Amino acid sequence: MRAKVRIQEIADLAGVSKFAVSRALSGKSGVSAQTREKILRVAGQLGYFKNNEQQQQQQRLTGELQEFEEVKWDGTIVVMFPNLRYQNREHIYWGPVFEGVSSRLRQRGLDIITITEPSDDNVFKLLNPEAIQGIITIGTVSTQILLKIKQMDIPVVMVDHSDPVFACDTIFTDNFNSMQQMMMKLISKGYRKFQFVGNIKDAQSYFDRWLAFRSTLESCQIELHQDPMLIGPEAQDIFLLFKQYRPVDLPEVFVCAHDVNARFFIEHLGYLGIEVPAQCAVTGFDNTNDTHPILATVNVNKELLGMRAVDQMLWRIQNPRTAHEKKLIYADVILRENYAYLLNGEAEREEANVEIQ
């Protein structure tokens, strides 16, 4: 059994007093919002919030696991879009995820309530724990909101997000392996000079893609001279990045965190007089663009992410005391060969020859 995490351990790692830790963990005043966030994150990373949960699971886990396929379901599942601007039903990426969730819930006969931009206060006003079966979150959720949800003691499944403060089931695309496969394809084509583009702290998926990008280059003994501006906070606002970024040593390939980044980046390079794909290549992820010359991307099955989130929710409702699960869904790498031909100076523009594996 995991040793209990002590308040002093959290204080030492966070660089604060035991008093501050105690106030932050109990939700009392006396610490700033920034310090509270830091303390909660450190506590989560140390496993503080998992101790009681794991003990309860070990004490209560009895009998066989229950299947959900034959159950006649009723009730309501809440679907939460924490950021209305970037995560909504009209979004080119998150919209299909939501459609996957809603269609699966309809198949199972469950009702759905959608909440956007929840605040600390209105979560409890809008949600009555006795009236809902569980919550599915889509995209990034703040730690403060998760701690409020935690108090409700109902099943939660998160799509494309995780937080050390809040242990629950999660559904992700297999970002690491997909990016690794794409990088190996590019390297096999002879490319050796790369730059990653995207704020790697903006989402867990972006960080996983960055790790795969970097580790693949290392395993192939390819030296990386990463421009920190392209992966730092400036990259969170792509338009702010464009105002500041001027490539000094043009790489062969800009590997963008996702297709939207890739599309805007191609346009920005054009403003700088750098033609894509004639002078360099740009890749993306998620397969949400068909208008710009993106050399490679990863075709994420967005609807399936939503469907599997519902399946995991129903499993969790039937088996509340089993260990939490992280499900990874494989995705297909797409290499658009015609862009490679143009990059290498082919005279004739051939029709798209798409290689999918």
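This is a predicted model: local features need pLDDT of at least 70, side-chain atom pairs count only at pLDDT 80 or more; totals for chains, interfaces and linings use all residues.
In what order do the six strands of the open sheet stand, and is their pairing parallel or antiparallel? Residues are numbered from 1 along each chain as its sequence is written, and side-chain values use heavy atoms, with hydrogens and water left out.

**View 1. The open sheet.** The order is β2-β1-β3-β4-β5-β10, and the pairing is parallel. Strands here are DSSP runs (E, at least two residues) and helices are runs of H or I of at least four, numbered from the N terminus; two strands pair if DSSP finds at least two bridges between them. β2 (111–116) and β10 (326–329) are the edge strands, each with a single partner, so one side of each has no neighbour in the sheet. From one strand to the next, the twist averages 20°.

**View 2. Strand β1 and its surroundings.** Strand β1 (residues 76–81) runs parallel to β3 (residues 134–138), and four bridges join them. Look for V79, which stands opposite I136 in β3. Helix α5 (residues 94–108) lies across β1, β2, β3 and β4 (156–159), at about 175° to β1; axes are lines fitted to C-alpha atoms, for helices over the stretch in contact, and angles run from 0 to 180 degrees between N-to-C directions.

View 3. The whole structure holds nine aromatic pairs (Phe, Tyr or Trp rings, Trp by its six-membered ring, with centres within 6.5 Å; planes under 30 degrees apart are stacked, over 60 edge-to-face, the rest tilted). F81 and F98 form a tilted pair, 5.5 Å centre to centre with 40° between the planes. F81 belongs to strand β1 and F98 to helix α5, 17 residues apart. F81 counts as buried at 1% relative accessibility, and F98 is buried at 6% (buried means under 20% relative accessible area, exposed over 50%, partly exposed in between, with a 1.4 Å probe and protein chains only).

View 4. F194, F196, W210 and F213 are linked into a cluster by ring pairs. R209 lies over the face of F285, 3.7 Å from the ring centre. The charged end of R263 sits over the ring of F264, 4.6 Å from its centre (NZ of Lys or CZ of Arg within 6 Å of the ring centre and within 35 degrees of the ring normal).

Methods. Contact means heavy atoms within 4.5 Å.
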